[in-house]
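Hello! Please keep the structure open beside them as you read.

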Amino acid sequence: MEILLWILIVVLFTLSFVSLIFPIIPGPLVLWGGFLLSIGLAGELSLWFWIGAVLLSFLLIISDMIANSIFVKKYGGSKWGEWTAVAGVLIGSFIIPPFGILIVPFVLVLIVEFLLEKQPDKAFRAAVGTLFGFLSGTIAKFIIQLIMIGWFFLSYFN
């Protein structure tokens, strides 16, 4: 039974990384599934691990939104562009995965910024910011997940 639980934990951790490419998979929930399965095993995780996991999970969930907002602003986008980028990430997760999470925010920000500014070059620049935002958010999520999984194994086997 213990081997089966460990296999499931590793599968869930792997799926959390697959969620970076296919955002339709709820990465943080899958990651937590692996953590919670460990409760059925002999080892225990410290209170500090659980507190840290909650905080890092929150950061994991909002990292895409934060990154998109920062990059749209940095590339000259408006407040409306920032919010559109956040909405585009959420909507894009469900439309033609995994490409929707790139295409939808880009197109939506391009349209919104063009309607607001009437300048194609500024609108395009802000839309490009969403691409950089997505890429930096994905890298941040990858690093946060590595930290969480590493911390899990260090805490569990210590």
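1. Which residues in the largest nonpolar core touch the most other members? Among the 18 residues of that core, they are Phe 13, Leu 31, Phe 35, Met 148 and Phe 152. Here a nonpolar core is a set of buried Ala, Val, Leu, Ile, Met, Phe, Trp, Tyr and Cys residues joined through side-chain atoms within 4.5 Å. Buried means under 20% relative accessible area, exposed over 50%, and partly exposed in between, using a 1.4 Å probe and protein chains only. Helices α1, α2, α3 and α6 each give at least two residues to this core, and α6 has the largest share with 5 residues.

2. A word on the ground rules. This is a predicted model, in which local features need pLDDT of at least 70, side-chain atom pairs count only at pLDDT 80 or more, and totals for chains, interfaces and linings use all residues. Residues are numbered from 1 along each chain as its sequence is written, and side-chain values use heavy atoms, with hydrogens and water left out.

3. Now the overall fold. The protein chain has 6 helices and 0 strands; helices (H or I, at least four residues) and strands (E, at least two) are DSSP runs, numbered from the N terminus. Its C-alpha trace spans about 65 × 30 × 15 Å along the principal axes. Of the 158 residues, 42% are buried. Among contacts (heavy atoms within 4.5 Å) between residues at least 6 apart in sequence, 67% join residues at least 24 apart.

4. Beyond its neighbours within four places in sequence, Phe 152 is in contact with Trp 6, Ile 9, Phe 13, Phe 35, Ser 38, Leu 45 and Phe 49. A second, separate core has 7 residues, including Val 72, Phe 106, Val 109 and Val 128.

5. Helix α2 deserves a look. Its buried residues are Gly 27, Val 30, Leu 31, Trp 32, Gly 34 and Phe 35, and they pack against α1 (2–18), α3 and α6.

6. Next comes Phe 106, in helix α5 (residues 100–117). Phe 106 counts as buried because its relative accessible area is 18%. Not counting residues up to four places away in sequence, Phe 106 touches Phe 124, Ala 127, Val 128, Thr 130 and Leu 131. From Phe 106 to Phe 134 there are 28 residues in sequence and 9.8 Å in space, C-alpha to C-alpha.

7. Of its 19 lining residues, Pro 23, Pro 28, Asp 64, Ser 93 and Lys 141 are the closest to its centre. On a 1 Å grid over the protein atoms alone, a pocket is an open set of points where a 1.4 Å probe fits, with protein on both sides within 12 Å along at least five of seven lines; lining residues have an atom within 4 Å of a point. The lining divides into 13 nonpolar, 4 polar and 2 charged residues. Helix α3 supplies the largest share, 4 residues.

8. Finally, is Lys 141 buried or exposed? Lys 141, in helix α6, is buried because its relative accessibility is 13%. Leaving aside neighbours within four places in sequence, Lys 141 is in contact with Leu 20, Leu 60, Ser 63 and Asp 64.

How values were computed:
Ala, Val, Leu, Ile, Met, Phe, Trp, Tyr, Cys and Pro count as nonpolar, Asp, Glu, Lys and Arg as charged, and the others, Gly among them, as polar.
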